[in-house]
Amino acid sequence: MLVSTIELFWRAREGRKLGLKGTENLALDWKAIIERKDRIVQSWSKGKEAGLSALGIAIVRGKAKFVAPREITVDGKKISAEKIIIATGSKPGRPDIPGAALAITSDELIHLKEQPARLVVVGGGFIGLEFGFALARADSKVTLLQSGPQIGPALDDAIRDLLLKIAREAEIDILTGVEVRSISKDKTVEAQVVGKTQSFPADQVLLATGRPSNVSPLQPQAAGVDVERKAVKVNEYLQSVSAPHIYAVGDAAGKHQHTPVAWYEGPLAAHNALKGNERKVDFSIFPSAIFTIPAIGQVGLTQKEALSRGLKIKVSNLSYDYNPAAGVRNETEGLVKVIAEEQTDRILGLHVIGAHAEDIVQLGAVAMRGGLKKSEMGSMHYVFPTLGGAIFDAMAAG
Ligand SMILES: Cc1cc2nc3c(=O)[nH]c(=O)nc-3n(C[C@H](O)[C@H](O)[C@H](O)COP(=O)(O)OP(=O)(O)OC[C@H]3O[C@@H](n4cnc5c(N)ncnc54)[C@H](O)[C@@H]3O)c2cc1C
């Protein structure tokens with residue numbers, strides 16, 4: 001919500017290039033944006049609670065923990081059950097560096113009362129990139145420090161290259177190979193950058209160094225639940241491998257940290273727990289997005305992944321420049337990349353960076369689920385002029 005509102009602000013300001021007047025006077029009311037977000041999130045959870053009550057499901061508030069394999073206490077109140085589903089989510093990690101407590105995580109950033117003028121982001125995964133871009137588009141000075149050799153490790157290389165170019169244009173400083181050493185009281189970050197000590201002054205430091213599953217406060221050992229890398233160790237039915245009456249879903253199961261995964265896994269685990277293990281998880285077609293500005297959408301294999309599996313592939317790249325809708329909207333910064341199997345023409349991967357990438361990548365996901373070949377999708381009629389048309393043109397490209 002924060003990101004989409006800031007994107008609207010940024011694009012509206014860019015409207016001067018389309019002949020709109022007065023855009024230079026546009027301002028962003030950070031406090032109002034945060035308050036609106038809180039109102040909307042609250043209304044969502046109120047709606048959910050009413051739905052649960054209507055189904056006769058009791059809500060017990062408090063911190064739950066196991067005291068026996070089939071027994072939980074919630075702030076002293078005992079609850080027992082034959083089958084149990086763990087859905088305790090994840091929580092932001094805090095690296096063990098001096099001064100880490102002076103930094104904020106994404107949980108706090110979305111409640112900040114004031115927009116920081118200078119933000120140092122520690123971590124170049126999806127959360128670091130999303131907040132880094134959002135704050136930069138809202139005119140904060142953003143520096144992003146990534147420990148590994150590259151940002152967005154799961155991205156296709158071509159998409160990452162364009163993202164880095166766009167980041168430079170947005171004046172985001174991205175440094176890789178960084179070892180953060182400390183955060184001082186005035187929020188200056190001290191780090192080793194390729195063997196040299198550097199200081200990064202900030203008004204806020206955002207730690208975006210991963211979100212481990214939040215299972216340990218539940219005392220899973222009291223129920224015999226094995227945990228691996230902080231998540232419940234489950235089989236393909238989402239059943240605990242060590243305690244068969246217990247299932248785990250969403251971030252607690254630790255596979256993919258996405259809201260629709262939790263939505264999909266919840267009913268699946270409930271079905272398996274109550275009716276026996278009938279449904280296996282299937283993530284074979286798994287579209288996902290990173291809400292940078294512009295966004296990234298991807299489904300299937302990256303070029304590197306396809307090659308590492310020994311597949312013979314053909315690759316098509318189509319710049320947003322070729323898409324008339326992008327030109328009309330002044331949103332030409334973008335790329336569609338298709339990876340297909342050479343012999344079968346099967347679509348193996350689709351990677352998009354650019355305006356509405358998060359939506360248009362889903363066209364490719366549907367095509368992949370339906371088994372459409374690249375050339376079949378490339379010869380379809382589509383609505384013109386649309387950004388989604390870029391996918392069909394990329395499929396048609398040799
Ligand atoms: C900044 C940020 C941006 C994100 N953006 C996206 C996005 O754009 N798209 C997307 O798909 N996903 C996104 N995600 C990921 C998504 O939010 C999570 O994958 C999703 O919420 C996981 O759902 P869940 O039900 O597993 O856990 P949660 O939604 O975290 O719910 C867990 C619940 O369990 C409660 N709980 C925990 N421990 C206990 C206990 N011991 N006793 C009782 N209750 C307990 C918690 O209070 C919480 O209410 C984002 C996450 C973050 C942090």
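User: Which domains does the domain assignment of the chain give?
Analyst: This is a predicted model. Its domain assignment gives three stretches of the chain: 1-59, 100-207 and 288-396. In that order they are domain 1, domain 2 and domain 3.

User: How far apart are the C-alpha centres of domain 1 and domain 2?
Analyst: The two domains touch, with 11 residues from domain 1 and nine residues from domain 2 in the contact. Their C-alpha centres lie apart by 23 Å.

User: Which helix gives the largest share of the side of domain 1 that touches domain 2?
Analyst: H1 and helix H2 (30-54) each supply at least two residues of that side. By class, the side has eight nonpolar, no polar and three charged residues. The largest share is six residues, and they come from H1.

User: At what angle do helix H1 and helix H4 pack?
Analyst: H1 covers residues 2-14 and H4 covers residues 126-137. Leu2, Val3, Ile6, Glu7 and Trp10 of H1 meet Glu130, Ala134 and Arg137 of H4. Those residues divide into five nonpolar, no polar and three charged. The axes are 9 Å apart, and the angle is about 35 degrees.

User: Is the crossing of H1 and H4 left-handed or right-handed?
Analyst: Two packed helices are described by the angle between their axes and the distance between the axes. The crossing of H1 and H4 is left-handed.

User: Which residues touch the most other members of the largest nonpolar core?
Analyst: This core has 75 residues. Its largest share, eight residues, comes from H4. Contacts of Val121 include Phe131, Val142, Leu144 and Leu206. The residues that touch the most other members are Val121 and Leu206.

Note on methods: Residues are numbered from 1 along each chain as its sequence is written. This is a predicted model: local features need pLDDT of at least 70, side-chain atom pairs count only at pLDDT 80 or more; totals for chains, interfaces and linings use all residues. Axes are lines fitted to C-alpha atoms, for helices over the stretch in contact, and angles run from 0 to 180 degrees between N-to-C directions. Helices (H or I, at least four residues) and strands (E, at least two) are DSSP runs, numbered from the N terminus. A crossing is left-handed if the near helix is turned anticlockwise from the far one by less than a right angle, and right-handed if clockwise. Two residues are in contact if their C-beta atoms, placed from the backbone, lie within 7 Å. Ala, Val, Leu, Ile, Met, Phe, Trp, Tyr, Cys and Pro count as nonpolar, Asp, Glu, Lys and Arg as charged, and the others, Gly among them, as polar. A nonpolar core is a set of buried Ala, Val, Leu, Ile, Met, Phe, Trp, Tyr and Cys residues joined through C-beta atoms within 7 Å. A residue is buried if 20 or more other C-beta atoms lie within 10 Å of its own, exposed if 12 or fewer, and partly exposed in between; C-beta atoms are placed from the backbone. Domain bounds come from an automatic or database domain assignment. Lists of a residue's contacts leave out its neighbours within four places in sequence.
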